[in-house]
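The structure is shown first.

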Amino acid sequence: MKPCGKAAVYLFTATAVMLLLMLLPAAAGAETPEEKGLAIARQADARDKGFRDSTVSLLMTLKNRHGQESIRRMRIKTLEVEGDGDKSLSIFDSPRDVRGTALLTYTHKFGDDDQWLYLPALKRVKRISSRNKSGSFMGSEFAYEDIASQEVEKYTYKWLRDEVYNGLECFVIERYPVDRKNSGYKRQVIWIDKKEYRTLKVDYYDRKDSLLKTLTLSGYRKYGNRFWRASGMNMMNHQNGKSTRLEFSDYRFGVGLRDSDFSRNGLKRAR
Amino acid sequence: MLALVFLFFVSRAEACELSGHATVEGRFFFNDALFPGQEGESASVALQPEFYHGRQNGSGFTFTPFARFDSADPERSHFDIRELNYLMLGDQWELTLGISRVFWGVTEFVHLVDIINQTDYVEDIDGEDKLGQPMIHLSIPRDRGVVDMFVLPYFRERTFPGEKGRLRTQPVVDTGRPVYESAAKQYHVDLALRYSLTAGNWDFGIYYFRGTGREPGLLLSTDSSGRPVLVPFYMQIGQTGLDVQAVVGDWLFKLESIYRTSKERDFFAGAAGFEYSMVNVASSGLDAGLIAEWAYDERGEEAPMPFDNDVMLGIRLALNDAAGTEALMGISRDLDSRDSVFSLESGRRLGEAWKITLDAFFVIDSSEEDAVYPLRADDNLRIRLSYYF
């Protein structure tokens, strides 16, 4: 009995130690702020998985520092791609001189996105270099990188703190572009509500680390019983005093868009 | 409830649209005309409405007529049907029946491989304005590329400025009496087959065209009153064309080449170059693109177009302001002879519906053997005001 009893004690002790070791990191709060930030970003991304495709109309209002406004209208079609970034097709309806112009983007989790522009006057499809993402989208305060599909892999993360914003319990996380050379930002600070993982506000810091822009998102609605989409986004540029407001309407999900709608052929016949 | 759903469906299923633009244009020449009969400044108006009736599945009918009235040159006053076609969208194919426009190519200054549509040369000498081409076009997109098949049952003659027009040859081209190699004349049925592929950061296309060449030879002849004129001569050709483009970071690399066979002469022509983009230069919001291209034509100075061994340098600017101010300027220089040309295209919006554009063309230097030599006194500025509806 004795040796057997000893073995049992050893076994018990070993199991206990192993269990303790397994539990220890969580119990001791060993999740680093970086890990926590990434986990939040992943959770937000996971909650948006499975939307398949969507279409939406967008009214963009540009406002200069004197309050003068000019508007652009477009429609955006998006296709979810398994294992890579989304594909999107933006078709411009106004200003009228660019009516029919369309932009096709293949977002990639790693490396540069692919982008083509369709010019209806020449019936020409032009490939455009998309490495540098800091350029203005349609003369607005949104850069290409702000409106592009927000892939988790394009940033590294850090959880900063928890905070109440607009009456909602929020995570405040910071993210840093992986492609530092071609982004206009050093970092972004993001407010994400704890319950639904919706982005409520983003502060953009330029490469010199001074506050450049603030994006506020509003009018969130739930579609398909699952997917939250903001109906309003306002981008305020603190450095030049200009702002751009986006108003989304007629969101539709699962409309049966196909890969061929996001091809060069699809780009040419986009309307 | 059902009725509501039905109404929603119907309003979604069909869409009827009218859009287009009307343009007034003034052209100002800096020098006196070289050739008898040529006029100076000209004013003109152009109208291009577009009617579209489409179905929810993407099939649709398009009608785009075009008309210009020019104060100086009756040949420049012209009417054309740019588009009159029905696009049918199948599950695995797209079929276009009727008059349409197809663009192939990647380079900015020369458009070598673009062959389906005839150039509307009186509109602009840059070769980007095209006449509507009757066609049956079947496109079959697959994962491994797109196959495009064309049957082109009717040939469009190139437009040329008349006696009173600037930017022309001397003697003038008499478009009233074209000469065809084919006995079927403009009813020769032309065929084209193209395969194109996008793979990662590469775009690639190759085609074979068989039929009436779009680029006419010009034969010296006399008109009914015995004056010398040039008569366009359209040959039967076979043309293989290749276009390749790669994006590598901020660089776009481009290549176009053709090999054309005919009874008269077989030759090769090519164009290659790059565009380097700079975004948000010095945090000003300005985007800039630097373009360098080289064009070669085996026919040398005999080529009817000016780019036989030429280098083109250009810069594209986009201010990214609310008015969408843009400019593309370039300078081209022949490496064998002296000819050198400066060109500018620029424009900006005025409000939501108006746009003003300013284009310029200057022959800096030219020698007698160059294709631009007849244009040496035609330095001009062109101002256009367009209303979009």
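In this predicted model, the rule finds 12 salt bridges across the interface of chain B and chain A. One of the salt bridges joins the side chains of A:Asp97 and B:Arg349, with a distance of 3.0 Å from N to O. Polar contacts also cross the interface of chain B and chain A: 21 residue pairs are found, both residues having pLDDT 80 or more.

Several elements of chain B give two or more residues to the side that touches chain A, among them helix H1 (2-13), strand E1 (14-29) and strand E21 (380-388). The largest share, 3 residues, comes from E4(B).

The size of an interface is often given as the accessible area lost when the parts come together. Here, the area buried between chain B and chain A is about 3,500 Å², and carbon and sulfur atoms give 42% of it. Of the area that chain B buries against chain A, B:Val279, B:Arg349 and B:Glu352 supply 16%, more than any other three residues. In terms of contact, 50 residues of chain B meet 31 residues of chain A.

The second largest pocket holds about 990 Å³ of space. Its lining has 49 residues, and those closest to its centre are A:Glu141, A:Asn237, A:Asn240, B:Asn280 and B:Gly285. The largest share of this lining, 3 residues, comes from E2(A).

Methods. Residues numbered from 1 in each chain as written. Chains lettered and ligands numbered in written order. Predicted model: local features only at pLDDT ≥ 70, side-chain atom pairs only at ≥ 80, totals over all residues. Heavy atoms only, no water. Contact = heavy atoms within 4.5 Å. Buried area = accessible area lost by both parts, 1.4 Å probe. Salt bridge = Lys/Arg side-chain N within 4 Å of Asp/Glu carboxyl O. Polar contact = N/O pair within 3.5 Å; in protein donor to acceptor, adjacent residues only side chain to side chain. Helix = DSSP H or I, 4+ residues; strand = E, 2+ residues; numbered from the N terminus. 1 Å grid on protein atoms, 1.4 Å probe; cavity = no way out; pocket = protein on both sides within 12 Å on 5 of 7 lines; lining within 4 Å. Points joined across faces, edges and corners; volume = space filled by probe spheres on them.
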